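Student: I am new to this structure and would like to learn how to read it feature by feature. Could you show it to me, so that we can go through it together?

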Amino acid sequence: MNDEMEEIIQEFITEAEESLDRIEPRFVELEQKGQDTNLINDIFRSMHTIKGAAGFLGFQLIVDVAHAAENIMKKLRDNEISLSKSLMDVILESIDMLRLLLIHIKEKDGVEENVAPLVQELGKALKAAMSNLNNKEQAGISVKPDIRAEQSSKASKESESISPESASEKPLNKVNVAESAKVTENAQETSKSSQITQIAEELSQIPEIAKTTINDSIKNSESTQAATDGEQKPNEMIQAAKDNVQKAQNLRVDVNRIDKVMDLAGEVVLVRNRLLNISNYFDMKYTDDQMTEILMEAVSFLDRITSDMQIAVMKMRMQPIQKVLSKFPRLVRDISASVNKDVELQIFGEGTEVDKTVIEHIGDPMTHILRNSIDHAIEPAEERIAKGKPSKGKIVINTYQRGTQIVVEITDDGKGMDLNKLKKKAIEKGLLTEEEAQKMSDKDAIDIIFMPGFSTKEVATELSGRGVGMDVVKTNISLLNGYVEVSTEKDVGTTFKISIPLTLAIIQALMVEVNGVKYAIPLSPIEETLKVSKKDINNITGQNVIVIRDNICPLFDLSSILGFGSNGNNDDLDFKYLIVISMGDRRFCIAVDKLVGQEEVVIKTLNGMDTTSSFVLGATITGDGKVVFILDVTGMSRNLMELTRA
Amino acid sequence: MSDFKMKILVVDDFSTMRRIVKNLLKQLGYENIEEAEDGAQAYSKLKNGGYGFVVSDWNMPNMDGLDLLKKVRSDPELKDLPILMVTAEAEKEKVITAIQAGVNNYIVKPFTGEVLKEKMDKIFERLAAQKQ
């Protein structure tokens, strides 16, 4: 029983946190849209539900806070008060408090927050809002029903002019009526059924109008915009209803269990690779044996199934990136308010699915970029107006999948980076010498912001509570095997483009050989492989380079990168194999002795090894049963580029 | 006497709440409990038949408890199905609406297993009396 209770509490925490995550961006939406019944209802319901469940579990503090906040939402919903910034602030504060209380429960730290001041404040805010309204005219409120009545009577008039279709043939329910009426009122607004039902009730109270009449009238009058929309909307609603049914079939599973399956799937991939190898051997040796054919068939079936299983398992770990993005509207609102700027956030592609690990680690770097953009990039309103820009700043987050990569772009319409200023600051901080700054390309100059120690302010993020600089952005993202590119244009804005591989556990790799040892190189950053004659390799100021289709590309020996020194035994060969790596806009070549082939590898982390300085990402077991190191090309690129710069 | 094999539907949009109610019902001895996320889903489950009792939350997206109640009462196949409505204290005034719509009883959050049992017993006693 105790375990059961413990599980219920865990579930409550997760579910309550999810609810808060979900409603938080709705507040910001509410602020933009104004008194939107739909949004208010949604927030109200979540508060209400959290309160209800907390009551059962004896979390009185949560009940108190949620109750006070719910009261306000209820008055808002019933149009008894109107929305104001101070009201919004105090409700948002209560959300923060709820989160804090949930954390205390989760960590079982026994800390008792004093919620009384907040509850009082909520009460006061409500009172203030009520008295505010009393002073105002009632006009604003009384108008609404009038509009609706008008709408309905208009609808009924329309119905007279159109021959009624048999209502029994396809009886639309009253929800559709309400929806259509709502569409007339505001065509762009998508509304939820709870509100629809509410309006439907209001409509049904208008006695003269038979529901079906409105229905048919709107359904039939295809000439009007309202009708067209009205017909589409029910379909969407059916879809939404279907989605809901689907949602019910979701299962909450402990992440460890999924990871276990993931691990096992990885092992199966390895065994599959081995079997492929073995069966190829038999195929060559006993080509005519009938059993060989049967073996080949079975193995190729296993091959296909394993690939499918791998994708299925990978998908189990995938979650919509919305989970991370949903906290940003609030964040942007709060930060911009704190620096007195007006910034609008637009989010696209929140449905893009990414690996769970990405969800966990991409939030902090993104927060940091956003903070930086609002703080430094977006100009104050006067300055923007003087430049002929809209006074309100804009930040766009766009997420999409490109090939095997997930791309997250954060674009602001601020002042852009001043590269000379960046260089100057870096010199002042002793991060660069004058000479280095002179030689530096524009691309490299932008990257100054990622240098450790460059960030002007050590800002403690409210969310994480840690003080981090922009260098952390880069580190965090390279932990995910990803990279950041920055493009900037003066007075137009700056774009941070983060690219991360879709999956982190199983990757396609190119197997290469150096000094008789095999290594795996992740395939995604490899642009191409080349076989070049030695005489095509030039040396410019101590750096080997090669010209590939009129582009100069620096070249490194894998053997020397890994610290074996240049491999003498192969020097007598007059050609080399080159792997062209492209990371963001950096390109370089790695020279190896042999290209072995492509293989699907499962990354196994190596414990107790400094993976950053050794350029080893992890290890894998290959088809022939050997342990092979997987090389960290991201780390290599960072390091090698610094070498060329120095 | 309560029939512990009776199929009961617990309707709530918050899965923790469903679990809490389910847990209380199990403590009372009921074994055959199913869940639904909102009124719409509940209704389609009920239409499949076999349910002897419904415990429904009021405030839910898509179709709320009151609409579910109305829909069940107007459905000739389901109209006699006993429904217990779960409400929060603040909604007490709305209870009248629910009674008018034909709810069998209501229960205020948070409640204990005993209170739930009491309410259920009352409902079944009354139903038995009506039959006689």
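Student: Which residues have the most contacts inside the largest nonpolar core?

Tutor: In soluble globular proteins, nonpolar side chains tend to be buried together. A nonpolar core here is a set of buried Ala, Val, Leu, Ile, Met, Phe, Trp, Tyr and Cys residues joined through C-beta atoms within 7 Å, and a residue is buried if 20 or more other C-beta atoms lie within 10 Å of its own, exposed if 12 or fewer, and partly exposed in between, with C-beta atoms placed from the backbone. The largest such core has 79 residues, and those with the most contacts inside it are A:Val332, A:Leu370, A:Ala520, A:Cys589, A:Ala591 and A:Leu631. Its largest share, seven residues, comes from helix α15 (residues 356-377) of chain A. A second, separate core of 72 residues includes A:Ile23, A:Leu61, A:Leu118 and B:Leu25.

Student: How should I understand these names, and where does the model come from?

Tutor: This is a predicted model, in which local features need pLDDT of at least 70 and side-chain atom pairs count only at pLDDT 80 or more, while totals for chains, interfaces and linings use all residues. Residues are numbered from 1 along each chain as its sequence is written, and chains are lettered from A and ligands numbered from 1 in the order in which they are written.

Student: Why is helix α14 of chain A described as largely enclosed?

Tutor: Helices (H or I, at least four residues) and strands (E, at least two) are DSSP runs, numbered from the N terminus. In α14 (residues 328-338) of chain A, eight of the 11 residues are buried, so this helix is largely enclosed by the rest of the structure. Among the buried ones are A:Phe328, A:Leu331, A:Val332 and A:Ile335, and also the charged residues A:Arg330 and A:Arg333. Just after α14(A), A:Asn340 takes a positive phi of about 60 degrees.

Student: In which order do the five strands of the open sheet in chain A lie?

Tutor: Two strands pair if DSSP finds at least two bridges between them. The order in this open sheet is β18-β10-β11-β20-β19, with mixed pairing, and the edge strands, each pairing on one side only, are β18 (594-602) and β19 (616-621) of chain A. Strands β10 (residues 506-514) and β11 (residues 517-522) of chain A run antiparallel and are joined by six bridges, and A:Val514 stands opposite A:Val517 in β11(A).

Student: Which residues does A:Ala53 touch?

Tutor: Two residues are in contact if their C-beta atoms, placed from the backbone, lie within 7 Å. Not counting residues up to four places away in sequence, A:Ala53 touches A:Phe12, B:Phe14, B:Thr16, B:Met17 and B:Ile20. A:Ala53 lies in helix α2 (residues 37-57) of chain A and is buried, with 29 other C-beta atoms within 10 Å.

Student: How many residues of chain B are in contact with chain A?

Tutor: There are 20 residues of chain B in contact with 20 residues of chain A. Of the side of chain B that touches chain A, α1 (15-28) and α2 (39-47) of chain B each supply at least two residues, and the largest share, six residues, comes from α1(B). By class, counting Ala, Val, Leu, Ile, Met, Phe, Trp, Tyr, Cys and Pro as nonpolar, Asp, Glu, Lys and Arg as charged, and the others, Gly among them, as polar, that side has seven nonpolar, six polar and seven charged residues.
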